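Work through the exercises below with the model open. Each task is followed by a stepwise solution.

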Amino acid sequence: MSSAIEERPLVTRRIVYNDSISRWFVGASVVWALVALLLGVVIALQLAFSGANIHPMLSYGRLRPLHTNAAIFAFVGNMLFAGIYYSTQRLVKARLPSDLLAKIHFWGWQLIIVSAAITLPLGFTQGKEYAELEWPIDIAIAVVWVVFAVNFFWTLARRAEKHLYVAIWFYIATIVTVAVLHIVNSFVVPVGALKSYSVFGGAQDALVQWWYGHNAVAFFLTTPILGIMYYFVPKAADRPVYSYRLSIIHFWALVFVYIWAGPHHLLNTALPEWAQTLGMVFSIMLWAPSWGGMLNGLFTLRGAWDKVRVDPVLKFFAAGLTFYGMATFEGPLLSIRSISSLAHYTDWVVGHVHSGALGWNGFMAAGMFYWMVPRLFGTKLHSTRLAEAHFWIGTIGILFYISSMWISGVMQGLMWRAADEGGALTYPSFVETVIAIRPMYFMRLIGGLMYLAGMIMMAVNLYRTVRAGRAVDGIAEVVVPEVKAEVRWSRLVVGKPVVVSSVALVLLVLFGRGDAITSFAWLVLLAVVGGGTLLIDAVSKRGSEPTWHRLLEGRALVFTVLTVGAVLVGGIVQIVPAVLVSPSAPGRTEVRVATPLEIEGRDIYIREGCYTCHSQMIRPLAFEARRYGDASTIDESRYDHPFQWGSKRTGPDLAREGGKNPNLWHYLHFNDPPSISPGSNMPSYAHFTEGRVDFKGTEAKMRALRLVGVPFTVEQVQRSEALAREQAESIAADLAEQGVHIAPDSEMVAVIAYLQSLGLQSDATSMKPSSEQVQASGLR
C-alpha cells in the first residue's frame with residue numbers, strides 16, 4: 001500500500017486589528033504628557049522662587065508627587081499601553097480577544113490618574129516614592145493591571161504566529177513583575193477611606209520601598225520601552241534587529257540582575273551592610289546588559305544613518321537610545337559607595353533621573369507617536385519640519401536641564417563636606433548651599449520650559465495629522481497554522497540552561513551563607529554560569545534542530561514561568577530575610593515610641609510632602625556627623641510607618657532635630673521661613689495655625705500602628721485623645737509664654753511636637769526650651 005501525501009491548500013483568514021485602543025492611549029498619553037511637564041515646570045519655579053507656592057494644595061510638597069505620578073503612570077503608562085497593544089497584535093497575528101477588556105483597561109487607567117490628580121493635592125498620600133496613592137487606588141491599580149494582563153495573555157493564547165518575538169519577552173516581564181512589585185509594596189493596614197499605614201517599618205520598609213521604587217523604574221519605564229524599541233526601531237529603519245543572540249542575553253541578564261539593585265538607593269545608611277553591598281554589586285553588573293540593549297538598538301540603524309539625517313522619527317529613536325546609554329552608565333556609577341556619598345541627596349540624582357525620563361522615555365514616546373499616528377489615521381505626518389524643530393528644542397532643553405542639575409549636585413555634595421584645616425565645616429549653614437545653587441535652578445527651569453515647548457509642538461503636529469486623516473484599523477491576511485504537536489514543557493524545564501542555573505542556585509543556598517565576600521562570589525558565579533550556558537545554547541548549531549531557547553520562544557506559558565522565576569530569585573533573597581528577621585544594631589537599646597500627638601504631627605508632615613525635601617538619615621560620614629550629629633542607627637526608625645529616610649535634601653536632615661531649637665523658633669519658621677533662615681526656598685506653612693487636628697480619630701491610628709508592630713499598650717491606645725490634648729496644651733502654654741497664642745488642637749502644635757521628638761531617646765513628651773536655648777536662637 002502506498003502512502004501518498006496530498007498537498008493541502010493553505011487556509012487563510014482576514015484579521016482586523018483593534019487599533020482604536022491604541023489611538024485612545026496615544027491621545028491620553030499626549031494630554032497627560034503636557035500636564036506632567038507643566039507640573040514639572042511649576043515645581044521647578046517653586047524651588048527657584050518660593051513665592052510661587054501660592055496655596056497649600058498647590059505647594060511643592062503636594063505637587064511634586066503628582067508630577068512624578070503623572071509623568072510615570074499617566075504619560076509613559078498610556079504610551080506603553082498604546083505601543084504594546086499595537087505591536088503585540090501584529091507580532092502574534094491575532095486581534096485582541098476582548099474589546100470590552102480593552103475599554104475597561106483604558107477607562108480604568110484614566111480614572112486612576114484622575115483619582116491621583118484629586119487626592120495628592122488634597123494631601124492623601126502614603127508618603128512612599130512612586131507609591132504615594134492610597135489603598136483604594138492601589139486596589140484599583142491591581143484590578144486594572146489584571147484586566148490588562150488577561151487581555152494580553154489571552155491574545156498570546158490565540159496567536160497565529162507561534163514564535164514569540166523579542167519585544168513580547170519584554171512585555172511579559174513587565175506585566176508579571178510590576179504585578180509582584182505593586183502587590184508587595186501595597187501591604188497596608190487601612191485606618192479610613194483614604195488613610196493607611198504600611199505593614200513594614202523602618203529599615204524593612206526602606207528595603208521593600210526601594211526594591212519596588214528601583215524596579216518600578218526598571219519594569220515600568222525600561223523593559224516595556226525596550227520591547228517597544230525592538231519593534232518600532234526596526235520598523236522605522238526598515239532594518240532587522242542587529243543581533244538575535246544579543247537580544248537573548250540582553251533580556252535574561254536584565255530581568256535577572258535588575259531586581260537585585262534596589263538597595264543602591266540606600267548606600268551609607270543604616271540598612272544592613274549585606275543589603276547595601278548586594279545592591280551595589282548588582283548595580284555595577286547592570287552596565288553589561290543595559291549597554292547590550294542600547295548597542296543592539298543603535299546597531300540596528302547600521303545602513304540607515306542616511307535616513308536618520310532626514311527622518312525625525314529615527315532622530316528621536318537614536319537620541320532616545322543614546323540617552324538610555326547615558327542613564328544606564330550613570331546609574332551604576334552612582335551606585336559605587338564612594339560616589340554615592342557625594343551624590344546622594346543632591347540634585348545630581350535629579351539630573352540622572354531626568355536624563356532617563358526626558359531623554360529615554362520622552363524621546364522614545366515622541367518617535368513612536370510620530371510613526372504610529374499617521375498609520376493609525378491613514379495619512380502623512382502634518383509637518384516634518386515641526387517634528388524636526390521639536391527634536392532640537394527638546395534636545396537642547398534636556399541638556400540645559402541635566403547639566404544644571406549635575407553642576408548643582410556636585411556643588412551641593414562638595415559644599416556639604418567642605419571643612420577647614422581644623423575640621424570645622426566651611427559652610428555650616430545649610431541654606432548657604434541653597435543660595436549658591438539657585439542660578440542652576442533657574443537654568444533647570446529654562447530647560448524644562450524648552451522641553452515643554454517641544455511637546456506642545458508635537459501635540460499640535462499630531463492633532464493636525466489626525467484632523468487630516470480618518471481612523472484606520474490594520475488588516476492582515478493570516479495563514480491558519482496547522483495543528484502540530486508542541487514541544488513538551490518538561491523538555492524545556494530540564495533544558496541545560498535551567499538545570500545548570502538551578503544547580504548553581506542550590507550551591508549558593510548551601511554554601512553561600514558565610515561572609516559577604518563568599519556570598520557575592522557565589523552570586524556572581526550563578527549569574528556567569530547561568531548566562532554562559534544560555535549564551536552557548538543560543539549560538540550552538542545542531543544542524544536543523546532548533547536551540548533550546550528557540551523552542552522556548554514557542555511556549556508562552558513556560559517562557560512566562562521561567563521569567564517569573566528569574567525575577568523572584570532576587571526579590572526572595574532580599575526581601576524575605578529582611579521581613580522575617582527584624583534588623584537591629586548590636587546591643588540595641590529601647591527605642592522611644594511616638595506619642596499620640598507626635599503621630600498626628602508626622603501624618604501632617606507626610607501630608608505636606610516634607611519628606612520630599614528633608615531626610616531623616618544621618619550617614620556614617622564625618623562631615624555629616626559634624627553637621628547633624630551622630631549617625632542614625634537602624635533601631636531609631638524601627639517604628640516609622642512609613643520610613644522617613646528620604647531621597648533628596650532640599651533642606652537639612654531632621655533626624656536629630658528634636659531639642660535643637662525652641663518651640664517658638666519652629667512656629668516662626670513655619671510662618672515665614674526666610675525671616676528665620678534668610679535665603680531659604682521653603683514655602684510658608686502659616687495655614688498650620690488655622691488647621692485643626694481631630695483627636696477623636698487618633699485612637700484608630702494608634703490601633704492600626706499597634707497592629708503593624710508599634711508597641712503601644714492598650715491603655716495608651718484607649719487614652720490617646722487625652723494624652724494628645726495634654727501634650728498639646730503643654731506646647732501651647734510654652735508658646736503663650738513667648739507671646740504666641742495658638743489653639744492646642746492646631747496642626748502647628750502637632751507638627752512642632754513631631755519635630756521636637758526626632759532623635760530623642762528619652763520618654764520626654766514635650767520640649768519646653770531653656771532660657772539658654774531661647775537666647776541662642778536669637779528670639780529675644
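This is a predicted model: local features need pLDDT of at least 70, side-chain atom pairs count only at pLDDT 80 or more; totals for chains, interfaces and linings use all residues.

The crossing of α2 and α5 is left-handed.

**Exercise 1. Which residues make the contact of α2 with α5, and how are the two helices oriented?**

Step 1. List the contact residues. Helix α2 contributes G83, I84, S87, T88, L91 and V92, while α5 contributes A167, I168 and Y171.

Step 2. Sort them by class. The contact holds 6 nonpolar and 3 polar residues, and no charged ones.

Step 3. Take the geometry. Helix α2 spans residues 60–92 and α5 spans residues 166–185. Their packing angle is about 135 degrees, and the axes lie 10 Å apart.

Step 4. Classify the angle. Roughly perpendicular ends at 115 degrees and roughly antiparallel needs over 145. Helices α2 and α5 are therefore oblique to each other.

**Exercise 2. Find the place of K93 and state what its phi shows.**

Step 1. Locate the residue. K93 sits in the loop between α2 and α3 (99–119).

Step 2. Read phi. K93 is not a glycine, yet its phi is positive, at about 55 degrees.

Step 3. Most residues other than glycine have a negative phi.

**Exercise 3. Describe the packing of α12 and α15.**

Step 1. Take the angle and distance. Helix α12 (residues 312–334) packs on helix α15 (residues 384–417) at about 15 degrees, with the axes 10 Å apart.

Step 2. Classify. The cut-off for roughly parallel is under 35 degrees. So α12 and α15 are roughly parallel to each other.

Step 3. The crossing of α12 and α15 is left-handed.

Step 4. Collect the contacts. From α12 come P312, K315, F316, A319, F323, M326 and E330. They meet T384, A387, E388, H390, F391, W392, I398, I402 and W406 of α15.

Step 5. Count by class. The contact of α12 with α15 comprises 11 nonpolar, 2 polar and 3 charged residues.

**Exercise 4. How are α24 and α28 oriented, and which residues meet?**

Step 1. Take the geometry. The axes of α24 and helix α28 (residues 720–737) come within 9 Å and cross at roughly 85 degrees.

Step 2. Classify. The range for roughly perpendicular is 65 to 115 degrees. Helices α24 and α28 are therefore roughly perpendicular to each other.

Step 3. Name the partners. N663, L664 and Y667 of α24 meet I731, D734 and L735 of α28.

Step 4. Count by class. This contact of α24 with α28 has 4 nonpolar residues, 1 polar and 1 charged.

**Exercise 5. Is the peptide bond from H641 to P642 cis or trans?**

Step 1. Locate P642. It lies in the loop between α23 (622–628) and α24 (663–671).

Step 2. Read omega. The value is near 5 degrees, and the bond from H641 to P642 is cis.

Step 3. Most peptide bonds are trans.

**Exercise 6. Characterise the second largest cavity.**

Step 1. Count the cavities. The structure holds 6 of 30 Å³ or more.

Step 2. Take the volume. The second largest cavity has about 440 Å³.

Step 3. Inspect the lining. It consists of 26 residues, with E636, S637, D640, L758 and G759 nearest the centre.

Step 4. Assign elements. Two or more lining residues come from each of α22 (596–607) and α29 (747–757). Helix α22 gives the largest share, 3 residues.

Step 5. Sort by class. The lining of the second largest cavity divides into 14 nonpolar, 7 polar and 5 charged residues.

Notes: Residues are numbered from 1 along each chain as its sequence is written. Side-chain values use heavy atoms; hydrogens and water are left out. On a 1 Å grid over the protein atoms alone, a cavity is a set of points where a 1.4 Å probe fits but cannot get out, and a pocket is an open set with protein on both sides within 12 Å along at least five of seven lines; lining residues have an atom within 4 Å of a point. Grid points are joined across faces, edges and corners, and a volume is the space filled by probe spheres set on the points. Helices (H or I, at least four residues) and strands (E, at least two) are DSSP runs, numbered from the N terminus. Ala, Val, Leu, Ile, Met, Phe, Trp, Tyr, Cys and Pro count as nonpolar, Asp, Glu, Lys and Arg as charged, and the others, Gly among them, as polar. Axes are lines fitted to C-alpha atoms, for helices over the stretch in contact, and angles run from 0 to 180 degrees between N-to-C directions. A crossing is left-handed if the near helix is turned anticlockwise from the far one by less than a right angle, and right-handed if clockwise. Contact means heavy atoms within 4.5 Å.
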